[in-house]
Amino acid sequence: MAMGDHRKVIAVADPAALANAAAERVIARIAANPGRIAICLTGGSSPKTLYQLLATEPYRGRIPWDRVHWFIGDERFVPAGDPLNNMNMARKAFLDQCAPASNIHPIPTDTAHPDNPDKSAELYEHALKSFYGADELDPARPLFDLVLMGVGPDGHTASLFPDYPALGETRRWVVGVPRAHVEPFVPRVTLTLPALACCREMLFEVAGSEKQAILTRVFATENLPANRARSLGETIWLVDQAALPENFRG
Ligand code: 6PG
C-alpha cells in the first residue's frame, strides 16, 4: 500500500506478526551492508517484542554482532538503569545478552548537569559525529542503515512533540526537550529530523486499536511530527490490523 507519497504501509495480522516482519527488515538491512552497520533504536513499548526476538534464534545467529552499532533515537532524562530509560529497555531485552558493550551507544543522562538535557544532547551529538567521521551530514553517506520509530497518541515521534521548537531544528543533530507532552513527564533528549532522516530506511512499528485514531490522522497527512519524519531512502509504516484506519483495510 502506498500513502500517496514515497512512504509505504505494510499491514500485518497482529503484534506477533509485526515483530517478525520488523525482525526480517532488520536482518535485510544488516545483510545489505558488508561493512560497519548503524541501527538507531526507539523507546516506548511497541518495539519490545522485536528486541526480544532479535535475542533468540533464528535471528540472533543471523546478526554479525561485532559489526552492528546500536544507537537510540530519543531518551527519557532518567538515570541509565531506570526502568523508564529507553536504552535500558533495549539492553535488557536484547543488547546486554548479544552485543559487545562498545557497540552500544546510549544517550548519557548521568551527566554532571543532571537537570540539563541540553548538555546530554551535546555529548550525544559529539558521539554521533565522531562515529560518522564528519560534522556535516552527507545524504550520499547515510548516518544510519536503519532507524526504528514509534508514534504517540498526539502524533509525536522520537521526542519530537507537536509545536515544539525542536521540530524546526535544521542544524543540530540532537537537542534537549525540557518537557514531554505525554507520560513519563520527564525532560527528554531527542535526535532531530535531519539526523533521523539520514538513513537508508526508517521503519515505524504501530500496533493496537488505541493507535487507530492517531494513524487515521497520520495517513490523512496532517501536519504532525510523525509525518515530518522521513528517511532519505525508504520510509515504511508497519501496522497491525487493529491499528489500521478503516479506509486502509483490504
Ligand atoms: C519514548 C519514545 C516515543 C515512542 C512513542 C510510542 O521515549 O516514549 O521513543 O517516541 O516511540 O511514544 O510509544 P509506544 O510504543 O509505547 O506506543
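Okay, let's start with packing: the buried residues of α7 sit against β1 (7–12), β8 (199–206), α8 (225–228) and β9 (234–240), with contact meaning heavy atoms within 4.5 Å. Helices (H or I, at least four residues) and strands (E, at least two) are DSSP runs, numbered from the N terminus. Quick caveat: this is a predicted model, where local features need pLDDT of at least 70, side-chain atom pairs count only at pLDDT 80 or more, and totals for chains, interfaces and linings use all residues. Residues are numbered from 1 along each chain as its sequence is written, and side-chain values use heavy atoms, leaving out hydrogens and water.

So who's buried in α7, residues 212–219? That's Ile214, Leu215, Val218 and Phe219; buried is under 20% relative accessible area, exposed over 50%, partly exposed in between, with a 1.4 Å probe and protein chains only. After α7 comes Thr221, with a positive phi near 55°.

Now, salt bridges: a side-chain nitrogen of Lys or Arg within 4 Å of a carboxyl oxygen of Asp or Glu. The count is twelve. Glu201 pairs with Arg25 at 2.7 Å, N to O, joining strand β8 to helix α1 (residues 15–31) across 176 residues. Glu201 is buried at 1%, while Arg25 is partly exposed at 21%. Arg25, Arg29, Glu201 and Glu234 are linked in a network of these bridges.

Last one: Glu125, buried at 8%, bridges to Lys129 at 3.0 Å, N to O, and to Arg172, closest N and O atoms 3.0 Å apart.
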